Amino acid sequence: MIRPSGLYAVVDGKQIQVESHGRDFVRLPGTGSARTDLDDLEDFLSVKTSAVWRGGTISVSAVSGDECGFFTNDSGLAEREGLAGDSYNGWHGSAPLSELTEVDERVTSIHPRRRES
């Protein structure tokens, strides 16, 4: 399973992508505006998912069904594929998951508790 880059809270052993966060809290899907304190999380993770699509490196920003949204700084890929964007902010587009190769997911704990130890 390919998952998008983003921040994930670990609650009851499950990794849940957060909707928003602050210095000492996260907001989880389905909780409305309720805050969950970082101290109440098992861990707080930063996930960065990259892949190669049609010869260019992309960063996966969203996944829905069998497609992903992505952004890239690869101007050659942007030109070949007619991606929206520019050289200052990068380019974005969507791609079938089946066309991604060399998928690499890097997970780093960013929980303040982990940084202190």
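In this predicted model, Arg54 forms a salt bridge with Glu81, the closest N and O atoms being 2.8 Å apart, where a salt bridge is a side-chain nitrogen of Lys or Arg within 4 Å of a carboxyl oxygen of Asp or Glu. The pair links distant parts of the chain, since Arg54 lies in the loop between S6 and S7 and Glu81 in helix H1, 27 residues apart; helices (H or I, at least four residues) and strands (E, at least two) are DSSP runs, numbered from the N terminus. Arg54 counts as partly exposed, at 44% relative accessibility, and Glu81 also counts as partly exposed, at 28%; the term buried stands for under 20% relative accessible area, exposed for over 50%, and partly exposed for values in between (1.4 Å probe, protein chains only).

The side chain of Arg54 also meets that of Glu99 in a salt bridge, at 3.1 Å from N to O. Here the loop between S6 and S7, which holds Arg54, is linked to the loop between S10 and S11, which holds Glu99, the two residues being 45 residues apart. Glu99 is partly exposed, with a relative accessibility of 32%.

A search of the whole structure finds four salt bridges. One of them joins the side chains of Glu105 and Arg3, at 2.9 Å from N to O, and this pair links strand S11 (residues 100-109), where Glu105 lies, with the segment before strand S1 (6-11), where Arg3 lies, 102 residues apart. Glu105 is partly exposed, at a relative accessible area of 33%, whereas Arg3 counts as buried, at 12%.

Leaving aside neighbours within four places in sequence, Leu83 is in contact (heavy atoms within 4.5 Å) with Trp53, Phe70, Thr72, Leu77, Ala78, Trp91, His92 and Gly93.

Residues are numbered from 1 along each chain as its sequence is written, and side-chain values use heavy atoms, with hydrogens and water left out. In this predicted model, local features need pLDDT of at least 70 and side-chain atom pairs count only at pLDDT 80 or more, while totals for chains, interfaces and linings use all residues.
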